[in-house]
Amino acid sequence: MSGDSAAYNLPRIDEILFAALSPGQLGELSRRISRTHSLESVPAQIFSSKLAPAEAIVKYLKEEKGYTYHKIGFVLNRDERGIWGTYRRAKSKMPGRIVVNDDSIQVPLSKLSVRQNSIQEQVVVHLVDGLNIKFKDVATFLGKNYSTVHTTYSRAKAKATQTSPPTNG
């Protein structure tokens with residue numbers, strides 16, 4: 001029993017965090033945790049529409065998942081006012097819904113929240129590196145030119161090497 005009472009005397013992690021972090025830091029920590037542990041994903045097929053990748057993801061999340069502009073902005077790490085404009089452009093380009101016939105290939109939403117890369121770059125890198133799909137198959141699946149997919153992948157990888165911390169060795 002004494003072991004139980006000792007456990008109750010330990011500070012809770014949320015009490016420690018509230019005492020040690022500013023409100024802004026707590027918000028950032030919360031966003032990182034929710035993105036890291038997000039199991040939600042979207043069908044990669046939505047990126048093969050005539051819409052730009054950002055327009056496709058915003059339209060899909062708004063219309064098919066019922067997300068608010070705020071939630072879309074939060075999940076994608078973008079300002080909700082920009083999300084509103086993106087959705088408006090997407091709706092004018094494609095008034096109907098995005099039709100998904102094949103949802104076997106999924107892209108986790110957590111992959112799309114990294115601001116250093118474009119959404120298209122993140123999708124291509126996920127398909128090539130994460131799912132081991134060949135460039136030509138990614139190009140066919142997304143309805144893009146092979147050279148576009150290869151260039152997109154190369155740019156994303158170049159950005160990743162520019163921003164990676166130097167190794168001590």
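Reader: Which side chain makes a polar contact with the side chain of Thr152?
Author: A polar contact is a pair of N or O atoms within 3.5 Å; within protein, one must be able to donate a hydrogen and the other to accept it, and residues adjacent in sequence count only if both atoms are side-chain atoms. For the side chain of Thr152, the distance is 3.2 Å. The partner is the side chain of Gln120.

Reader: What pLDDT do side-chain atom pairs need here?
Author: Residues are numbered from 1 along each chain as its sequence is written, and side-chain values use heavy atoms, without hydrogens or water. This is a predicted model: totals for chains, interfaces and linings use all residues, local features need pLDDT of at least 70, and side-chain atom pairs need 80 or more.

Reader: Is Thr152 buried or exposed?
Author: Thr152 sits in helix H9, residues 146–163. Helices are DSSP runs of H or I, at least four residues, and strands are runs of E, at least two, numbered from the N terminus. Buried means under 20% relative accessible area, exposed over 50%, partly exposed in between (1.4 Å probe, protein chains only). Thr152 has 10%, so Thr152 counts as buried.

Reader: Which residues is Thr152 in contact with, leaving aside neighbours within four places in sequence?
Author: Contact means heavy atoms within 4.5 Å. With those neighbours left aside, the list for Thr152 is Gln120, Glu121 and Val124.

Reader: How far apart in space are Leu131 and Ile105?
Author: Leu131 lies in the loop between helix H7 (119–130) and helix H8 (135–142). Beyond four places in sequence, Leu131 is in contact with Ile105, Gln106 and His126. Leu131 and Ile105 are 26 residues apart in sequence. C-alpha to C-alpha, they are separated by 8.7 Å.

Reader: Which side chain is joined to that of Glu40 by a polar contact?
Author: Glu40 is in the loop between helix H3 (23–36) and strand E1 (41–43). At 32% relative accessibility, Glu40 is partly exposed. Not counting residues up to four places away in sequence, Glu40 touches Lys65, Tyr67, Lys71, Pro108 and Leu109. The polar contact, at 2.5 Å, is with the side chain of Tyr67.
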